[in-house]
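Reader: I am new to protein models. Please take me through one, feature by feature.

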Amino acid sequence: MMNAESDSEEEVLYNLSNGKQYIALQNLEGSVVAPQLQPGALETPRTSGIGAIFANLFKCYTGAGLLSLPFAFRYSGIAAGVLCLIIVSVMCTVSMVCLVKCKNHLSQKSSANLTYSDVVLLLLGRKWSIVLDIVIIAFQFGAVVIYFVFVSENLTPYFSKMSPTSARWSWMVFIAPLYIGLSWIRSMKYIGVISFFAELSILTGIAVTGLIGCLQLSRGIVPGLAFDVNISPPWRTLPLMFGMAAFAFEGAGVVIPTECSMKKPEKFNQVLVLVLISATGMYIVFGALLYTAFGPETGFETGQITENLEQFATHMVDRTFWHLVQVVVRLCLVFGIGMSVSVQLIVVLDIVEKELFKPGRFSQSNLYWKQNLVRAAATLCGLMLAASGLSFGHLVSLTGAFSGTLMQFIFPAACYLKCFKDSLSRFQRIGMWLLGIIGTVFGALATYTTLVEMFS
């Protein structure tokens with residue numbers, strides 16, 4: 001127990017998201033002074049080596065965000081698209097390093113089990129912590145809907161006798177029991193097994209898609225498309241690239257737990273930088289390659305690069321073989337993206353259930369099945385939104401532009417300015433303000449542009 005050094009400070013006991021308690025001295029302005037964890041709160045085992053940390057971080061950057069980037073390049077052009085990805089990558093690296101520094105400063109021992117929400121709670125207060133939770137829910141649920149859209153759009157062609165709308169709803173009804181069952185899984189132990197095979201399927205699909213892009217680029221299988229690209233950007237739609245890049249690079253939710261599990265936390269920043277450099281290179285190569293290969297028809301109207309695979313197969317001499325290849329690629333990506341829904345949904349459900357089923361709010365009888373009912377309702381809501389015909393590419397941009405920029409740039413910058421306000425140099429202070437302002441301005445612009453494109 002720590003004593004206040006002056007009358008202007010008082011001792012505050014925080015209840016954290018993991019059920020632990022946290023003592024801090026807080027001055028009248030609300031700034032946290034000399035925080036200290038209660039005994040027993042340092043419980044996160046540091047068992048992960050550098051290789052495991054690299055793999056865990058890197059797999060966060062392979063998914064629906066990556067698959068939307070060829071479509072994003074169509075909106076931005078090659079030069080501006082590459083520049084945008086590099087800028088967003090640098091911004092993400094700075095913000096994540098700053099967020100981890102805030103966590104370590106607050107815990108004083110880097111093994112403390114603090115979450116992103118806890119950091120915001122301690123530095124910015126209860127109201128902003130609630131806002132962050134809402135933003136996290138919006139981002140994760142947005143990702144769930146995006147994944148459902150990807151699954152439905154890639155399975156719809158196999159209901160060829162139905163209209164696209166009827167086919168989408170038919171698939172949603174067919175797969176609803178599977179996803180409701182998956183939503184009832186509460187342990188990351190079992191979801192981790194699903195996630196491993198999902199990631200393997202995604203990487204396989206991405207590799208073959210890249211190979212098809214190389215063949216199209218070198219041989220011009222689909223005539224008139226290869227190299228028909230914009231180098232200079234169409235400025236009106238350029239902000240969509242920022243939104244899709246923000247979605248692809250979003251990793252704020254996993255950075256703190258990953259750092260807490262690392263055996264050598266002093267090496268974390270180097271690993272994080274290496275991961276983001278690797279992800280940036282992969283994004284630029286994959287996005288620019290496929291956009292250069294399929295030009296103005298990249299992703300067609302929905303933003304799905306998988307639609308170009310079928311287009312490619314119909315122009316090959318050995319059509320039967322390549323149609324089989326594109327079907328296998330689609331199924332690999334559908335399985336991988338579809339099974340990743342569980343990982344995204346569990347974050348949303350954990351936050352919602354903690355607030356919804358607080359002691360005293362509802363009867364605790366049959367709590368397990370009440371929670372299952374909420375999980376089923378959330379899953380069905382996501383499926384119905386996906387079946388409504390929303391565009392994959394535009395959904396990625398909207399989710400990244402609104403929720404992604406708040407989580408990735410604005411909150412980390414605000415936390416860092418508050419946590420180290422007495423020790424920051426003028427250069428550091430200006431840098432943090434720029435991070436927050438750029439995130440705010442371009443996030444708002446990308447949100448507006450995406451909505452205009454969606455409803456025009």
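**Reading the model**

Author: Let's begin with a pair of side chains: Lys 103 and Glu 259 form a salt bridge, and their closest N and O atoms are 2.8 Å apart. Lys 103 belongs to helix 4 and Glu 259 to helix 10 (residues 252-260), so this pair ties together parts that are 156 residues apart in sequence. Before we go on, this is a predicted model in which local features need pLDDT of at least 70 and side-chain atom pairs count only at pLDDT 80 or more, while totals for chains, interfaces and linings use all residues. Residues are numbered from 1 along each chain as its sequence is written, and side-chain values use heavy atoms, leaving out hydrogens and water.

Reader: What counts as a salt bridge?

Author: Side chains of opposite charge can pair when their charged atoms come close. Here the rule is a side-chain nitrogen of Lys or Arg within 4 Å of a carboxyl oxygen of Asp or Glu. Helices are DSSP runs of H or I with at least four residues, strands are runs of E with at least two, and both are numbered from the N terminus.

Reader: How many salt bridges does a search of the whole structure find?

Author: The search finds four. Another one of them joins Glu 453 and Arg 236, at 2.7 Å from N to O. Glu 453 sits in helix 17 and Arg 236 in the loop between helix 8 (188-219) and helix 9, so this pair links parts 217 residues apart in sequence.

Reader: Is Glu 453 buried or exposed?

Author: The general idea is to look at relative accessible area: under 20% is buried, over 50% is exposed, and in between is partly exposed (1.4 Å probe, protein chains only). Glu 453 counts as buried because its relative accessibility is 14%, whereas Arg 236, at 60%, counts as exposed. As for the pair we started with, both Lys 103 and Glu 259 are buried.

Reader: How much of the protein chain counts as buried?

Author: Of its 456 residues, 53% do. The chain holds 17 helices and three strands.

Reader: Which residues of helix 3 are buried?

Author: They are Leu 69, Pro 70, Phe 71, Ala 72, Phe 73, Arg 74, Tyr 75 and Ser 76. That is eight of the eight residues of helix 3 (residues 69-76), so the helix is largely enclosed by the rest of the structure. The cover includes helix 2 (64-67), helix 4 (78-107), helix 9 (239-248), helix 11 (268-294), helix 16 (392-419) and helix 17.

Reader: Which residues touch the most other members of the largest nonpolar core?

Author: A nonpolar core is a set of buried Ala, Val, Leu, Ile, Met, Phe, Trp, Tyr and Cys residues joined through side-chain atoms within 4.5 Å. The largest one has 125 residues, and Leu 85, Phe 249, Tyr 283 and Phe 294 touch the most other members. Helix 6 (residues 126-155) gives the most to this core, with 15 residues.

Reader: What is Phe 249 in contact with?

Author: Contact means heavy atoms within 4.5 Å. Leaving aside neighbours within four places in sequence, the partners of Phe 249 include Tyr 61, Leu 85, Val 88, Cys 92, Leu 276 and Tyr 283. Across the protein chain, 77% of the contacts with a separation of 6 or more are between residues 24 or more positions apart.

Reader: Where is Thr 379 found?

Author: Thr 379 is in helix 15 (residues 367-387), and its relative accessible area of 1% is why Thr 379 counts as buried. Apart from neighbours within four places in sequence, Thr 379 is in contact with Phe 148, Tyr 179, Ile 180, Ser 183 and Leu 345.

Reader: Which helix holds Ser 117?

Author: Ser 117 is in helix 5 (residues 116-124) and is buried, with a relative accessible area of 12%. Leu 132 comes 15 residues away along the chain, yet the C-alpha atoms of Ser 117 and Leu 132 are separated by 6.8 Å. Beyond four places in sequence, Ser 117 touches Ser 129, Leu 132, Asp 133 and Ile 136.

Reader: What is the accessible surface of the protein chain?

Author: Accessible areas come from the Shrake-Rupley method with a 1.4 Å probe, and for residues only the protein chains shown count as cover. The total is about 20,200 Å², and 67% of that belongs to carbon and sulfur atoms.
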